[in-house]
Structure formats: C-alpha cells, structure tokens
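Hi there,

Here is the structure I promised to pass on. Please have a look, and my notes follow below.

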Amino acid sequence: MPSRRSAFLWLVRKEWRELVVSRSWWVLLLAIGPLVGVTFISAVRTYAEASGFGGTSAGVGEAFSPLIGIWAPTFSACEVAAVFLLPFVAIRQIAGDRQSGALKIELQHPMPAIARIGAKALVLLAAWGIASLAPAAAVVLWKSYGGSIYAPELATVALGHLLNAGLTIALAAATAAVTEHPSTAAILTLSVTVGTWILNFIAAVQGGIWERAAGYTPPAMVAGFQHGLIRLDVVLVTLVFVAAGFTLAAVWLRLGVGVRRRAYESVALGAVTAAIVSACSLATGSWDTSESRINSFSEADEEALERIQSPLSVEVHLAPEDPRRADLDHKAIAKLRRVLPKVQVRYVSATSIGLFEQTSPHYGEIWYEIAGRREMTRATTAESALQTIYQLSGVAPPVENDDATFRGHPLAVPPKGAAAVFYGIWPALVVAGAVFMHRRQT
Amino acid sequence: MFEARNLTKRYGRLTALTDVSFSVRSGEVLGLIGPNGSGKTTLFECLGGVLPLDGGAVVRDGRPLTDRERAATVFYLPDAIAPWPAQSVRWAIDYTLGLFNGRADLRDEVIRRLDIQPFLDQAIGSLSKGQRKRALLAIGLLMPHPVLMADEPFDGLDLRQSRDVAQTLRSFASAGRTMFLSIHQIKDASRVCDRFVLLSGGRARGEGTIRELAALAASQPGAPAADDDLEEVFLALT
C-alpha cells in the first residue's frame with residue numbers, strides 16, 4: 001500500500017483541484033472584494049471627516065485609532081463572508097465527494113478519517129487565506145494614503161477572523177458529514193449561526209450564565225479581536241470547537257461504521273468537548289494588542305492595581321439591558337478582570353430591562369468591597385471605579401501622565417483608488433482567475 | 001482468496017442480506033447474479049467496507065479479516081457514480097493510481113484495451129454512461145488489490161464494448177487478478193464468469209459453475225430439469 005504521506009499529499013492536491021472548480025468559492029471571492037470595498041471606503045471617508053476633511057472641524061478625530069476607525073469595519077466584511085458564503089464553500093467541499101460517489105472509492109484507502117478531513121480543512125483554510133487578500137489590499141491602500149498601521153492590533157484582527165473562518169469551516173464540515181444532502185447541511189449550519197444570535201439576545205436580556213456562554217459565540221469572539229484583545233479562554237475554546245467540529249465530521253465520514261456506533265462516538269465527543277471547554281473557560285490570560293490600550297487601564301494604573309493583594313468584590317445593581325451596565329462592563333469591569341484575577345462581580349436586578357426598577361432605592365448602586373471595606377458609587381466610568389478602588393485598598397493612585405495618553409492618528413484623505421481596486425480590478429481578476437483555472441483543469 | 005460467512009445486513013426492520021455465504025477463489029471470475037433488489041449492491045458495499053455488516057465475517061485461512069486486511073484485499077468499484085465530475089479522466093486515473101499506489105505499469109495498456117484515449121481529457125461529468133463505466137473500470141483494473149469487485153461492469157455498454165470489456169477482465173483474471181462481478185444480465189454473466197453466486201431475496205441460493213448449479217437445481221424436489229443454460233438454472237433455484 002502507498003505511504004500515508006504520499007497518499008495525504010495526493011488527497012490535498014485533489015481537494016485543491018476540487019476547490020478551484022467550485023463555483024461557490026469563486027462567488028465568495030467575487031463577493032468579498034466589493035464587500036470589503038464598501039466597508040473600507042465608508043470607513044476611510046468617516047475617518048477623514050472626523051479628522052477634519054471636507055470642512056468639518058479638525059481635531060474631532062484626534063483620538064481616532066485605525067483599529068476602531070478602519071480595521072474593525074473593514075474586516076467586518078470578512079465576518080459577513082464567513083457567515084453567509086464560506087459555509088457553502090465548505091459544505092460543497094465536504095459533501096461533494098458523497099454526492100458524486102467519490103467517497104466510496106476514496107474511503108477504501110486505509111487512511112484515518114481525520115486525515116481526510118485534515119486535507120479538506122487545510123485547503124479550505126488556504127481558500128480563506130486567498131479570500132483575505134481583499135482586506136490585505138485595503139491595508140496596502142491605507143498605507144499608501146499615509147495611514148498609520150500598528151502591526152500587533154492588525155494581526156489580532158486578522159487572527160480573530162481566521163479563527164472565525166476555522167469555526168465556520170469546522171461547523172460546515174460537521175453538518176455536511178452528518179447529513180445526507182448538502183442543502184440539509186446548509187440549513188443546519190445557518191440554524192446554528194442563528195442559534196448563536198439568539199443566544200446573544202438571551203444573554204443581553206438574562207445576563208448570568210447566558211452572558212458567559214454568549215462570550216464564546218463567533219460574533220462575540222470576533223468583536224473582542226476587533227478591539228485588539230486576545231483572550232486566552234476565547235482562543236482555547238474556539239480551537240476546541242474547531243477540533244470538535246472536524247472530529248465529528250471524521251466520525252460521520254466513516255460510512256462503513258454503523259450509525260449507532262457513530263452516534264455513541266458523537267455523544268462521547270460532545271461530552272469530552274464540553275469538559276474541555278469548561279476547563280478552558282477558566283483560563284484568565286489576555287493580551288491587549290491595541291495601540292490605544294482600549295482594553296486596558298493606563299500602565300501606571302495597572303502597576304498600582306497590581307499592588308492590591310486582597311480580592312475585590314463588585315456588586316452591581318443594574319439590569320442586563322440597562323446601558324449603564326454595558327458601559328460599566330466595558331469601561332471598568334473588563335479592564336479590572338485583566339489586571340486583578342480575583343475580581344468577583346455580582347449583578348443584582350429584579351428585571352431584565354430595569355425600566356421599572358429606577359424608583360427602587362438601591363437601583364443603580366455599584367458597591368466595591370476590598371478586605372471588608374465597602375464603598376458605593378453610581379458612576380460607571382473607569383475613573384470613578386479606579387478612584388473608589390484606590391480609596392478602599394489604601395493604594396496611592398499614580399500621578400497622571402499626559403505623555404502616556406494615546407493621541408490617535410487622524411488622517412484627512414479621501415479613499416483614492418479604492419473603488420477602482422475593489423469594484424473593478426478585484427472582480428476582473430477573480431473572473432479571469434476562474435476562467436483560467438477552469439480551462440487549465442478541463 | 002477469502003470466504004464470506006453468514007453475512008447479514010439489515011436496514012431497520014428490512015433484512016437485505018440473510019446469512020449469505022460463499023467463497024472467492026484466487027484468479028477466478030466470480031459472478032454475483034440476481035434480480036434487481038436481490039441485495040447484490042448491498043453485498044458488495046458491505047464487502048467493500050462502504051456499509052457496515054450486522055452479522056457474519058470475511059474469513060481467510062479460518063481467521064476473520066480485519067478491516068485493514070479486507071481493505072488491502074478487495075477494491076470495490078460502485079455502479080452509478082460520477083466521481084470528481086469536473087476533473088478529466090486522465091487526472092482521475094493518475095489520482096487514484098497515486099492515492100492507492102496502483103499499477104502504473106499497466107496504465108497505458110488498460111487505457112488502450114478499454115479504448116479510453118478518445119475521451120481521456122474530457123471531464124468525467126460530461127461522459128456518456130458507457131464512457132464513464134469504462135473510465136471507472138480502468139481505475140478498478142489499475143488498483144493494486146488482488147480482488148476487484150465491480151458492480152454491473154457491463155451496464156451502459158453496447159454489445160461490442162461489453163465483449164471487449166469481458167475479454168479485458170478475463171485477461172486480467174488469467175494474469176492472476178481475481179474478479180468478482182455483480183451482473184443482473186445473466187447472458188453477460190455466462191459469457192465472462194467461471195463460477196457464480198446466485199442471490200435472491202437477500203439469500204445465497206447456490207454457488208458454483210454452471211454444471212454444479214445445474215446439478216443443484218436438478219436435485220431440488222419437484223424442480224423441472226435444468227440443463228446448462230444459466231437462465232434456466234437461475235429460475236430453477238430462485
């Protein structure tokens with residue numbers, strides 16, 4: 001029999017050939033250019049206006065960061081493509097062999113099923129890499145305008161979308177392998193996506209465990225990366241889900257194994273995945289790669305907070321849908337969690353919207369407690385939280401340092417040439433590529 | 001080569017194969033014959049590892065074969081498939097040769113004997129049924145497995161093509177390759193096969209040469225005398 005390595009390489013080559021004759025992939029490529037174009041052009045215009053272009057007051061956009069002003073909206077086009085286009089490419093790649101009967105031939109090679117799926121996954125990730133040339137073109141254009149690029153934050157955004165693509169591919173692979181027909185797989189994949197949206201909605205209303213679970217859905221995961229934040233627990237949980245998706249696909253691609261046995265193996269896989277995900281969710285490491293330190297307190301504040309040894313408890317009397325709670329979470333709690341691993345936060349509310357709790361005497365109170373000392377404030381700003389914590393802990397607040405403040409990179413230029421690139425050159429290249437590859441193969 | 005012992009396959013409440021037993025001998029052309037719905041394809045898919053068996057075993061030298069051993073022994077060529085429809089026949093042959101480390105030394109001979117050259121660069125999805133059948137047979141013949149199981153190898157072929165394919169299959173058997181062919185056209189089967197397994201209603205009704213099967217038919221109580229005509233033998237035994 002052939003060596004596994006050479007057989008695997010044959011399989012990878014075959015998957016690549018199958019990909020380049022797949023219309024769904026060319027449609028993805030064709031669509032992602034204009035999608036990125038729309039978001040990039042719009043973002044650059046807004047950024048320019050805020051920076052004083054076209055008669056608006058200069059200085060409004062002084063604190064503008066390209067991460068939030070340009071990369072988050074531009075790369076959001078990748079999220080749209082990952083949700084609505086990439087699943088069909090992946091499903092076609094996985095289910096096509098079953099539909100054509102090729103799987104019956106290939107399955108007779110004693111290669112492990114996970115290797116078969118691995119070959120498909122490699123090619124699909126390469127396909128996503130090629131699709132990512134569209135946002136890469138946006139980066140080149142931005143640089144040509146004289147825009148500032150801070151590599152760590154840009155790499156973080158790209159990593160988030162790569163993980164999201166991996167998650168989408170793994171999910172599509174699993175549904176394509178489990179179901180008999182690609183259309184069923186497509187419905188199932190979109191149902192899971194809609195399910196994560198519902199989970200996010202429930203989390204926004206209910207809070208608690210739902211909120212924690214929703215933190216690992218693709219939209220929440222991508223949002224974190226788009227803010228330049230790499231959370232170890234999110235990365236690990238995503239990788240576990242990706243591995244579980246591909247393993248489930250491998251389990252169900254083994255047609256020669258009884259359905260009952262495959263079902264038992266799937267249940268066992270689900271249990272193992274749940275256990276590993278639970279363990280990974282306890283990881284607390286995180287890295288703020290944003291140039292503006294948008295996810296962190298100032299370095300001086302962080303050094304001061306690290307001197308606090310006692311655990312910090314926070315009791316928040318705000319409903320899940322109260323905007324003040326989201327404000328507090330983003331501006332203070334999330335940053336505190338990154339510096340103080342022993343932060344315990346308890347949310348207290350009788351309703352989900354809080355509208356009818358406003359007259360309640362304690363509603364809106366935020367209690368901080370360190371070493372038995374408690375202090376209440378109603379302000380949701382980072383400054384208020386820090387001031388209260390310094391008072392309670394007895395740690396002297398750092399001296400304010402204006403030099404450390406992020407000043408932003410305003411840029412008042414129009415998106416010159418972007419329309420030609422994304423609406424003209426990109427589609428033309430994709431069409432030419434599709435025709436060339438089709439002629440080359442047949 | 002191997003023995004199939006008491007092979008049983010169920011689809012829910014429907015039993016497709018019931019205690020099917022027979023033997024496959026080295027270098028022979030064995031025909032699996034039976035009417036539509038008799039379980040021929042199910043039997044092949046079970047032996048090819050594409051479907052799981054619910055009972056029975058494939059045995060060699062008195063020992064059940066492991067999945068890996070079975071996969072190294074038997075190559076199953078399914079009927080009615082159009083694998084890699086956008087790829088050319090040339091690529092499909094080279095791909096399967098590479099994937100399975102097949103008989104590259106026989107490539108040109110197989111292409112010539114099955115008359116594949118005229119459509120070697122056509123996409124598989126664009127081929128006629130007969131062309132596709134010949135392309136897939138080429139793939140099967142080039143595989144390194146000692147046993148080739150082909151489901152309906154003459155389906156879609158015209159008279160001349162059927163005759164040429166039968167000659168090719170026989171010549172490969174003469175060279176030591178074992179052929180196990182599922183054929184529903186009994187005339188085709190009688191032209192190419194050395195021995196037969198008769199399958200009807202998911203049960204093996206007989207196994208042997210035409211003479212052995214005729215003798216078996218004649219021994220059935222109340223059965224009309226069946227001469228060496230396979231059709232008559234088949235009707236008498238099923």
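**What I found**

Leu312(A) sits opposite Val343(A), a residue of β4(A). Strand β3 of chain A (residues 312–316) runs parallel to β4(A) and is joined to it by five bridges. Strands here are DSSP E runs of at least two residues, helices are H or I runs of at least four, and both are numbered from the N terminus; two strands pair if DSSP finds at least two bridges between them.

A word on the source: this is a predicted model, where local features need pLDDT of at least 70, side-chain atom pairs count only at pLDDT 80 or more, and totals for chains, interfaces and linings use all residues. Residues are numbered from 1 along each chain as its sequence is written, while chains are lettered from A and ligands numbered from 1 in the order in which they are written.

Back to the sheet: it is open, with four strands in the order β4-β3-β5-β6 (chain A) and mixed pairing. β4 (343–347) and β6 (373–377) of chain A are at the edges with a single partner strand each, so one side of each has no neighbour in the sheet.

Helix α13 of chain A (residues 259–280) has 22 residues. The number of them that are buried (20 or more other C-beta atoms within 10 Å of a residue's own, C-beta atoms being placed from the backbone) is zero, so α13(A) lies largely in the open.

Finally, the contact between the chains (C-beta atoms, placed from the backbone, within 7 Å) takes 23 residues from chain A and 26 residues from chain B. On the chain A side, α1(A) gives the largest share, five residues.

Best wishes

Note on methods: Expected span 1.5 Å × (residues − 1). Buried ≥ 20, exposed ≤ 12 C-beta atoms within 10 Å, placed from the backbone. Contact = placed C-beta atoms within 7 Å.
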